[in-house]
Amino acid sequence: MADVLTVSALNKRFGGIVVADNIDLSLIKGRVLGLIGPNGAGKTSLFNLVCGVVRPDSGSIMLDGQEINGLPIRARARMGLARTWQNLRLFASLSVLDNLMLGPQVYSADTFTDLIFRPGHVAAAERAARDKAFAILERTGLADIAHQPIRDITFGQQKLVGVARALMNDARCLLLDEPMAGVEGQAYALIQKAVRDIAASGVAICVVEHNVAFIRDLCDEGVFMFAGKVLARGSVEALIADPQLTELYFGT
Amino acid sequence: MDYIYTILILIGLFVILASSFDLVIGHCGLISIAHPIFYALGAYVSAMLAKEGGVPIPLAMLAGGAAAFLASVLVALPSLRVSGDYLLIASIGFQLGLIEFAKHIHSIGGAGGLTNIPSFLVNSYGRLSYVILVLAVAVLTVLFVRWLTSGPYGRMMAAMRDDELAFSMLGRNAIWVKVSVFAIGSGIAGVAGGLYAHYFRFLEPDQFGLLQSSAILTMVVVGGMRTTWGPVIGAVVLQILPQAITFLGLPPSILGPLQGLMFSGLVLVFMFARPQGLLAAPDIWAGRSTRERADG
């Protein structure tokens, strides 16, 4: 079992609110880990710490054995860390395809001078990105709406676009923040299948999700978080069955 | 006829300024109104190199553009590293500070202005040749901005305006995009400055102040941000209108204030009646590739 992402002794507090209390966590190649816990447990905060949106007070974050704590967000992305967002954060003025086109670790126009001095190089990178985008859109059932603006597609499709955009990264580690919230029917099955396929291709995945059925169907393992702490790690079945954790979750 | 040529040259220069300014504030979404200081830098550097250094004028103009490019990087890099809002403050500070500074430098003419700037083309080929030169640069600028914003770089700028955090999480470098676009826009303004200097042959620091900032901003807003032709139309209309009312036969005591009122009046009217400008930009970015697919 190879650890792709290793978080150790991670701490973060905002004033009196502790969002990460000495967190140790590892994500394993090809496995899906579910983060379970009530609202305010620090699940999304953990994602934000790992991605560099928020800087920790102390602790270490290693991606494939390299310390990434302190690196800017973009550098982590270019090392193979990708995520989706609870509130989607899609580019509203771009089509579905153009949202994906911006996703590769190296973008066609990242180097400005290439536009002028290496137009062939840029054109080749654009073609490669488009081919890759269409392959992902086919896989996620979005190929038909590739040229639609984001605001013209359904919420379930928008969720899928968020996942599809993250897939453009060829990430080694993928963080999914509530991929199923508000999703039903066909999109539900498509997201589930997409996540399984990605894991099968060797990516380490972590999912924050309130839909317990989805977590149980999908995740190899679960972690229960409460008040910025990791309380337990184990099979999702065992975590759900634990009366103490259930009590914390529902706050009875 | 000379009058018409001069008007055409001014229109051409403001097309260059408005189009490059739209690249910065419209397409890239940066908050800055200091465009005229980079115009000024290009003008002064080109004028001084040609006048005192004997540098061939086309080279001096390009050097003026390069100076504006470099200066804009120095202004933008530290402020954009902090936050986008600081660019507005830093650039206005740079603009007003440099104008005051220039007024006290005797060797560049001080507050009285820099005179006897060498002329270009006009003496040997006539004014029409200069009109053609300026309009050619204007066309090139408009085409360049259109090319840049409708390609992969335009897609980046659109995404960055929408959501900078998501943009960074894909591995894109927002600060670098902003600094690059700011520098390119400012560099183009610098070249326009050189074109101005060697035609009018006189520069004074005060002409590059906030009044000119508001004029260029008005051109972009009235014409239509993030459109190819909006800044062009804005520049043409706002150059011709003040000239046109001089033919009304009004006394100079009314004419002067009226021209000033026209700019602020136009902005107000447009803010209420048509905030998107004469030409409205599409709210969905459509690049070259999209258009090709639509045609095919």
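Helix 7 (residues 152-162) of chain B is mostly covered, with nine of its eleven residues buried. Buried means 20 or more other C-beta atoms within 10 Å of a residue's own; exposed means 12 or fewer, partly exposed is in between, and C-beta atoms are placed from the backbone. This is a predicted model: local features need pLDDT of at least 70, side-chain atom pairs count only at pLDDT 80 or more, and totals for chains, interfaces and linings use all residues. Residues are numbered from 1 along each chain as its sequence is written, while chains are lettered from A and ligands numbered from 1 in the order in which they are written.

**Chain B**

- The buried residues of helix 7 of chain B are P152(B), Y153(B), G154(B), R155(B), M156(B), M157(B), A158(B), A159(B) and M160(B).
- Chain B has 13 helices and zero strands. Helices (H or I, at least four residues) and strands (E, at least two) are DSSP runs, numbered from the N terminus.
- Of the 296 residues of chain B, 49% count as buried.
- The radius of gyration of chain B is 19 Å, which agrees with the value near 19 Å for a compact globule of 296 residues. The radius is taken over C-alpha atoms, and the globule rule is 2.2 Å times the number of residues to the power 0.38.
- The C-alpha trace of chain B spans about 55 × 45 × 40 Å along its principal axes.
- Take contacts in chain B between residues at least 6 apart in sequence: 78% join residues at least 24 apart. A contact means C-beta atoms, placed from the backbone, within 7 Å.

**Sheet of chain A**

- Six strands of chain A form an open sheet of mixed pairing, in the order 6-7-8-3-9-10. Strands pair if DSSP finds at least two bridges between them.
- Strand 6 (81-83) and strand 10 (229-234) of chain A are the edges, each pairing on one side only.
- The twist averages 20 degrees from one strand to the next. Axes are lines fitted to C-alpha atoms, for helices over the stretch in contact; angles run from 0 to 180 degrees between N-to-C directions.
- Strand 3 (residues 32-36) and strand 8 (residues 204-208) of chain A pair in the parallel sense over four bridges. L33(A) stands opposite C206(A) in strand 8 of chain A.
- Helix 7 (residues 185-200) of chain A packs on the sheet and touches strand 3, strand 7 and strand 8 of chain A. The direction of this helix makes about 150 degrees with that of strand 8 of chain A.

**Interface and core**

- In chain A, 27 residues are in contact with 20 residues of chain B.
- Helix 2 of chain A gives the largest share of the side of chain A that touches chain B, four residues.
- By class, this side of chain A has 16 nonpolar, five polar and six charged residues. Ala, Val, Leu, Ile, Met, Phe, Trp, Tyr, Cys and Pro count as nonpolar, Asp, Glu, Lys and Arg as charged, and the others, Gly among them, as polar.
- The largest nonpolar core has 174 residues; C173(A), L174(A), I205(A), V207(A), L17(B) and A192(B) touch the most other members. Such a core is a set of buried Ala, Val, Leu, Ile, Met, Phe, Trp, Tyr and Cys residues joined through C-beta atoms within 7 Å.

**Positive phi**

- D170(A), a residue other than glycine, has a positive phi near 55 degrees. D170(A) counts as partly exposed because it has 13 C-beta neighbours inside 10 Å.
- R226(B) is not a glycine either, yet has a positive phi of about 60 degrees. R226(B) has 28 other C-beta atoms within 10 Å, so it is buried.

Notes:
Contact = placed C-beta atoms within 7 Å.
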